[in-house]
Amino acid sequence: MIYQSYIPAAPLSQFIDFFFYYEGYKADHAMEKFLPDGSVDLLIDLTDTPKKLFDNEETTSYTTFSKSWISGMKTDYILIDASVSHMIGVHFKPGGCYPFVDFPMSELNNQTIQLDMIWGTEVNSLREAILHQPDITGRFALLEQYFLQKGKGKMQKHELVHYSV
């Protein structure tokens, strides 16, 4: 398995904890539990296999996600399938996603949604560009440039968020 993380330069580092990349992860179990931590995660799947988000109470029920999605702040754990994965993603600092979306972040609380519902087809173009990068360094650089452009003019640190973190 390959796992690598990257901390973007300022000003992104004020809002994003790290970018992460993994390839070849294969668990010996069917589901993984993720505990709430006050952050938002954005995932871009680099495979064509849909991933499952299970219902916490009825684990035979699930929602599938493919290509890219965003998971808002959680007040409860989530259960995901532990299938073979190849992904790149963004782990935002608590409260750090606000410069990159045009709506209150509270609308994403306890939600996981397809990313194209927020950013439209541009996220599909980003995914395709990432897939065509020959190495992990290039993929992180592309992601960093994308977020610099996406947050342009909106990356003033909110004092309330800064104080609470």
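K67 is partly exposed, with a relative accessible area of 41%, where buried means under 20% relative accessible area, exposed means over 50%, and partly exposed lies in between (1.4 Å probe, protein chains only). K67 lies in the loop between β6 and β7 (68-71), and strands such as these are DSSP runs of E with at least two residues, numbered from the N terminus. Although K67 is not a glycine, its phi is positive, at about 70°. Most residues other than glycine have a negative phi.

N110 likewise has a positive phi, of about 55°, without being a glycine. N110 sits in the loop between β9 and β10 (112-114), and it is partly exposed, with a relative accessible area of 41%.

## How the model was read

This is a predicted model, in which local features need pLDDT of at least 70 and side-chain atom pairs count only at pLDDT 80 or more, while totals for chains, interfaces and linings use all residues. Residues are numbered from 1 along each chain as its sequence is written, and side-chain values use heavy atoms, with hydrogens and water left out.

## A cis peptide bond

Most peptide bonds are trans. The bond joining A10 and P11, however, is cis, with an omega of about 5°, and P11 is found in the loop between β1 (2-6) and β2.

Strand β9 (residues 85-92) is largely enclosed by the rest of the structure, because eight of its eight residues are buried. From β9, S85, M87, G89 and H91 point one way, whereas H86, I88, V90 and F92 point the other way, and all of them are buried.

Two strands are said to pair if DSSP finds at least two bridges between them. Strand β2 (residues 16-25) pairs with β9 in the antiparallel sense over eight bridges, and the bridge partner of F18 in β9 is H91. Strand β4 (residues 41-45) also runs antiparallel to β9, joined to it by five bridges, and here the partner of D45 is M87.

D55, E57, E58 and D76 form a negative surface patch, a term for residues with over 30% relative accessible area and no salt bridge, in which like charges are joined within 9 Å. A salt bridge would be a side-chain nitrogen of Lys or Arg within 4 Å of a carboxyl oxygen of Asp or Glu.

Key. Patches are made of residues with over 30% relative accessible area and no salt bridge: like charges are joined within 9 Å, nonpolar side chains (Val, Leu, Ile, Met, Phe, Trp, Tyr) within 5 Å. Accessible areas come from the Shrake-Rupley method with a 1.4 Å probe; for residues, only the protein chains shown count as cover. Lys and Arg count as positive and Asp and Glu as negative; His and the chain ends are not counted. The place of a charge is taken as NZ of Lys, CZ of Arg, CG of Asp or CD of Glu. Helices (H or I, at least four residues) and strands (E, at least two) are DSSP runs, numbered from the N terminus.
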